[in-house]
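Work through the exercises below with the sequence and the 3D view side by side. Try each task before reading its solution.

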Amino acid sequence: MIASKNKSQLVLVDMQEKLASVILVSTLYGQLRLQQFKQLIRKSEKYKGKMAHILFSLLEKRVDSCLVQLKFAPTFLAARQLINHQKVFVNNQIVKSPSFI
């Protein structure tokens, strides 16, 4: 009975750590949906190197992140609004998705 209690506590701690990391990333890089976050993790697993560095580099390459870093928009929500209102062009083409890399 003690072993099962320890396993459940370990699972709970692991879930808490995952949730805390998802919350941290979503506060740093705007409101990412869980599906988008999972896709980025899958992409980062394909590359060689440390997965965390690759994941953050993929997050930095997103258009909404670039707009905030270059001070074209004060927040991620404002950057997404610019993109959704079709005010952002990349290579003379309108960007329709904030997750455009």
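**A starting point**

Just after H5, Gln 86 takes a positive phi of about 55 degrees. Helices (H or I, at least four residues) and strands (E, at least two) are DSSP runs, numbered from the N terminus. The model is predicted, so local features need pLDDT of at least 70 and side-chain atom pairs pLDDT 80 or more, while totals for chains, interfaces and linings use all residues. Residues are numbered from 1 along each chain as its sequence is written, and side-chain values use heavy atoms, with hydrogens and water left out.

**Exercise 1. Find which residues of H5 are buried, and explain how they are arranged around the axis.**

Step 1. Locate helix H5 at residues 76-84.

Step 2. Pick out the buried residues (under 20% relative accessible area; exposed is over 50%, partly exposed in between, with a 1.4 Å probe and protein chains only). In H5 they are Phe 76, Ala 79, Arg 80 and Ile 83.

Step 3. Look along the axis. These residues span an arc of only 100 degrees, so they sit on the same side of H5. The arc is taken from the directions that run from the helix axis to the C-beta atoms.

Step 4. Recall the general rule. An α-helix has 3.6 residues a turn, so residues three or four places apart point the same way.

**Exercise 2. Describe how H2 and H3 cross, and state the handedness.**

Step 1. Find helix H2 at residues 34-46 and helix H3 at residues 51-61.

Step 2. Compare the axes. They come within 9 Å and cross at roughly 125 degrees. Axes are lines fitted to C-alpha atoms, for helices over the stretch in contact, and angles run from 0 to 180 degrees between N-to-C directions.

Step 3. Name the arrangement. H2 and H3 are therefore oblique to each other. Under 35 degrees would count as roughly parallel, over 145 as roughly antiparallel, 65 to 115 as roughly perpendicular, and the rest is oblique.

Step 4. The crossing of H2 and H3 is right-handed. That term applies if the near helix is turned clockwise from the far one by less than a right angle; anticlockwise is left-handed.

**Exercise 3. List the residues that meet between H2 and H3, and sort them by type.**

Step 1. Apply the contact rule: heavy atoms within 4.5 Å.

Step 2. Read off both sides. H2 supplies Phe 37, Leu 40, Ile 41, Lys 43, Ser 44 and Glu 45; H3 supplies Met 51, Ile 54, Leu 55, Leu 58 and Leu 59.

Step 3. Sort them. The contact of H2 with H3 has eight nonpolar residues, one polar and two charged. Ala, Val, Leu, Ile, Met, Phe, Trp, Tyr, Cys and Pro count as nonpolar, Asp, Glu, Lys and Arg as charged, and the others, Gly among them, as polar.

Step 4. Check the H3 side. Ile 54, Leu 55, Leu 58 and Leu 59 are buried. Their arc is only 140 degrees around the axis, which puts them on the same side of H3.

**Exercise 4. Is Ser 44 buried or exposed, and what does Ser 44 touch?**

Step 1. Read its relative accessibility. At 1%, Ser 44 is buried.

Step 2. Set aside neighbours within four places in sequence. Ser 44 then contacts Met 51, Ile 54, Leu 55 and Leu 58.

Step 3. Repeat for Leu 40, also placed in helix H2. Leu 40 has 6% relative accessibility and is buried. Beyond neighbours within four places, Leu 40 contacts Leu 32, Leu 55, Leu 58 and Leu 59.

**Exercise 5. Where does Asn 91 lie, and what is its phi?**

Step 1. Find the loop between strand E1 (89-90) and strand E2 (93-94). Asn 91 lies there.

Step 2. Read the angle. Phi of Asn 91 is near 55 degrees, a positive value.

Step 3. Most residues other than glycine have a negative phi.

Step 4. Judge accessibility. Asn 91 has a relative accessible area of 72% and is exposed.
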